[in-house]
Amino acid sequence: MDWYSALVFSVCIAASCSAEDLTFPPGFKFGAATSSYQIEGAWNASDKSESIWDRFVHDLPTRILNQDNGDIACDSYNQLERDIEMVADLGLHYYRFSLSWPRILPSGFPNYISKEGTDYYNRLIDGLLAKGVEPFITLFHWDLPQSLQDLGGWTNPLIADWFADYARVVYTLYGDRVKLWLTLNEPVVACDLSYITGVTAPGIISPDVGTYMCNKNIMLAHAKAWRVYDEEFKPKYHGKVSIANHLLWFEPQTEADSEVAELALQHLAGRYCHPIYSKEGGWPPSIEKVLEKLSLERGYSKSTLPAFTQEEKDLVRGTYDFFAFNHYSGRQIRWAKEGETFSPWPLGDAEDLNGKIEFPDHWPPTASSIFYVYPEGIRKHLRWAKEQYGDLEFVITENGLDTLGGLDDHDRISYFREYLKQILLAIKEDGIKLTHYTAWSLMDLFEWMDGYHSKFGLYQVDFNDPLRTRTPRLSAHWYKKIIEAHSLDVNVTQDVL
Ligand code: BGC
């Protein structure tokens with residue numbers, strides 16, 4: 001038995017471990033997360049350049065619900081002290097936030113480093129550390145410099161080196177104080193969602209080709225940035241780096257649908273995980289096969305999923321220090337029937353796999369049309385990932401519920417409670433080494449296509465107030481209590497509001 005299992009096992013004996021044992025293992029950590037474009041505002045402050053999200057929302061405001069945009073967002077660029085205060089009040093062990101690449105490197109390249117941009121993050125990091133909260137940094141959460149998009153963005157193979165250069169600047173600036181890193185947040189959104197549907201920046205639609213060029217280049221970019229840390233910084237700073245993928249659980253409608261459910265998992269999660277975490281590296285073989293067949297049927301000369309050379313496979317394979325993932329929801333999937341029509345993947349059906357998506361009636365809907373509540377999905381996903389890639393350290397980098405607002409958010413508390421119960425079962429019954437849980441989100445923020453309509457925050461933000469006043473919701477009080485108690489066995493009542 002390794003040290004982690006031994007620890008959990010001994011705690012289980014002491015506390016008589018059962019499904020109702022609601023305590024977390026010693027050393028388990030709680031955090032909350034945000035991202036730069038969703039909270040910072042100050043989109044053109046000082047020498048910051050335009051990101052693809054600035055361009056996307058300004059060019060055609062109707063792309064976003066109510067024509068909202070992130071120009072001011074939560075104004076975190078100017079409300080940094082308040083953000084640190086909230087994080088400290090909650091008693092978080094760590095705070096996950098992302099850096100704006102065009103704020104640090106206005107040209108996209110390391111030829112010019114913004115003093116004001118880098119100072120902002122220095123103050124944030126130092127302020128967190130002064131309160132005993134560990135900074136957990138994501139290098140890229142979708143706000144690519146527009147200058148790089150003009151050169152092809154993620155479809156240009158050179159971007160792997162551009163990203164590694166940016167990563168080196170960041171590790172040099174902050175590596176002395178920051179020990180937990182994520183290279184990319186949910187590359188599946190930057191590639192699949194963007195290039196298939198155009199509903200997220202850069203708004204370029206190229207489902208068969210752009211999606212997979214992006215997929216390959218982004219894997220290489222991650223790998224190069226990971227290796228820069230591993231070779232040049234890890235020996236002196238001893239930090240850890242990984243990538244945060246989005247894992248959406250696919251539940252087969254009947255046993256006969258298990259194969260299409262597994263294909264969907266490999267398509268959406270495997271394409272971004274297999275190259276990194278599998279023993280052999282490269283694309284998931286089942287998906288390689290499906291996409292090659294489809295590409296030829298569609299008249300391309302070869303698969304539009306670009307092949308990896310052996311050298312590239314070796315470059316990407318093994319570039320992780322833990323397995324990080326964001327998880328919100330699940331989908332039920334079944335084989336499509338003859339003549340059925342499809343809505344676009346990845347929000348809709350899995351047309352390329354001949355799969356139809358449905359939501360069972362007992363999965364409650366949320367404020368957005370894409371998420372349904374299915375807590376068992378997170379445990380199933382952990383088991384799937386362990387089976388696929390081995391007994392790794394798992395870190396949940398996002399999980400949360402969107403509502404239509406209000407301070408009394410019992411629904412969010414029960415969402416967190418049910419998901420955390422499944423996480424405890426995964427740890428205690430399935431022996432999963434899960435060490436961190438991150439609530440999304442610290443506060444209400446710019447929710448991409450949904451603007452400010454759906455609310456994910458532990459803190460409510462008043463977007464009509466120029467000061468963007470933040471007020472703790474009931475769930476913030478509850479989360480603080482579970483962190484203090486290191487157990488789910490806590491209660492809060494409305495009178496704290
Ligand atoms: C993203 C967040 C987003 C959240 C809720 C995740 O896919 O990383 O930026 O706000 O989902 O939609």
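**Ligand site**

I began at W448, where a polar side-chain atom lies 2.9 Å from an oxygen atom of the ligand, a polar contact being a pair of N or O atoms within 3.5 Å, where within protein one must be able to donate a hydrogen and the other to accept it, and residues adjacent in sequence count only if both atoms are side-chain atoms. This is a predicted model, in which local features need pLDDT of at least 70 and side-chain atom pairs count only at pLDDT 80 or more, while totals for chains, interfaces and linings use all residues. Residues are numbered from 1 along each chain as its sequence is written, and side-chain values use heavy atoms, with hydrogens and water left out.

I then looked up E398, which has a side-chain N or O atom 2.9 Å from a ligand oxygen, and W440, which places a polar side-chain atom 3.2 Å from an oxygen atom of the ligand.

**Backbone entries**

I checked E186 again for its backbone and found phi near 40°, a positive value in a residue other than glycine. Most residues other than glycine have a negative phi, and most peptide bonds are trans.

**Helix α8 against helix α10**

I found α8 (residues 159-174) and α10 (residues 210-237) packed at about 30°, with axes 8 Å apart; helices are DSSP runs of H or I with at least four residues, and strands are runs of E with at least two, numbered from the N terminus. Axes are lines fitted to C-alpha atoms, for helices over the stretch in contact, and angles run from 0 to 180 degrees between N-to-C directions. The two helices are therefore roughly parallel to each other, where under 35 degrees is roughly parallel, over 145 roughly antiparallel, 65 to 115 roughly perpendicular and the rest oblique. The residues of this contact (heavy atoms within 4.5 Å) include F163 and Y171 of α8 and W226 and F233 of α10.

**Helix α9 against helix α11**

I noted that α9 (residues 187-197) packs on α11 (residues 258-277) at about 130°, with the axes 11 Å apart, which makes α9 oblique to α11. On the α9 side P187, V188, C191 and D192 meet L268, R271 and Y272 of α11.
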